[in-house]
Amino acid sequence: MAWRDGDQAALEELVRLLSPTLWQVARAAGLDRSHAEDVVQTTWLALVDHADSIAHPMAVAGWLCTSARRESWRVSKRVRRERPTDDDVLHPTLPDAEGPEAEVVLADDHMRLRLCLDRLTERCQTLLRMLAAGPRPEYAEVSAALGMAVGSIGPTRARCLDKLRRELISEGSL
């Protein structure tokens with residue numbers, strides 16, 4: 001056990017040989033890279049601090065693995081306790097209902113949209129309401145209901161949406 005007597009080369013060889021095993025012990029406990037790195041480092045420091053307690057040279061590997069396993073369990077337990085909870089984790093357990101402030105904002109948005117929509121021409125209002133309500137109708141149905149050529153529905157819709165967008169901007173909603 002030359003490493004215990006201060007032989008730096010012997011200690012470096014021991015670290016080179018057994019570090020991969022200690023990494024496996026730490027990772028097997030479910031630790032991420034940074035926590036496993038801490039466990040391996042703490043285990044090596046513990047060996048240096050308790051070198052006199054190891055009587056037999058063949059017991060070093062077992063002592064290191066046992067120490068790494070115990071330290072991994074301790075760190076794993078601490079990490080589980082300290083792990084911050086993201087909204088993604090909490091979301092499935094929280095109710096889906098929006099708070100009252102969301103309802104107020106939505107009601108205000110709907111009121112502004114209705115005001116701006118009412119400022120458009122009757123033709124734009126009817127076209128936008130038909131295309132926005134329920135399942136999207138076929139252009140042939142819209143053509144028959146509004147007396148428009150099928151080819152003019154898309155461009156008219158674009159112009160009406162542009163007018164609505166300008167109204168919403170002037171209202172301060174966009």
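A disulfide is a pair of cysteine sulfur atoms within 2.5 Å.

The model is predicted, so its local features need pLDDT of at least 70, side-chain atom pairs count only at pLDDT 80 or more, and totals for chains, interfaces and linings use all residues. Residues are numbered from 1 along each chain as its sequence is written, and side-chain values use heavy atoms, with hydrogens and water left out.

**Whole chain.** Show the protein as a cartoon. There are 8 helices and 0 strands; helices (H or I, at least four residues) and strands (E, at least two) are DSSP runs, numbered from the N terminus. Of the 174 residues, 26% count as buried, where buried means under 20% relative accessible area, exposed over 50% and partly exposed in between (1.4 Å probe, protein chains only).

**Helix α6.** Select residues 122–132, which form α6. Its buried residues are Cys124, Gln125, Leu127, Leu128 and Leu131. They pack against α5 (100–118), α7 (139–146) and α8 (150–171); a contact means heavy atoms within 4.5 Å.

**Gln125.** Next select Gln125 in helix α6. Gln125 counts as buried because its relative accessibility is 8%. Leaving aside residues up to four places away in sequence, Gln125 touches Leu117, Asp118 and Leu120.

**α6 against α8.** From α6, show Arg123, Cys124, Leu127, Leu128 and Leu131; from α8, show Ile153, Thr156, Arg157, Cys160, Leu161, Lys163 and Leu164. These residues make the contact.

**The disulfide.** Which cysteine is joined to Cys124? Select Cys160: a disulfide joins the two, with S to S at 2.1 Å. The pair links distant parts of the chain, Cys124 in helix α6 and Cys160 in helix α8, 36 residues apart. At -75 degrees about the S-S bond, the link is left-handed. Both Cys124 and Cys160 are buried.

Select Cys65, which counts as buried at 18% relative accessibility. Then select Cys116, also buried, with a relative accessible area of 0%.

**Last stop.** Just after α6, Gly134 takes a positive phi of about 55 degrees.
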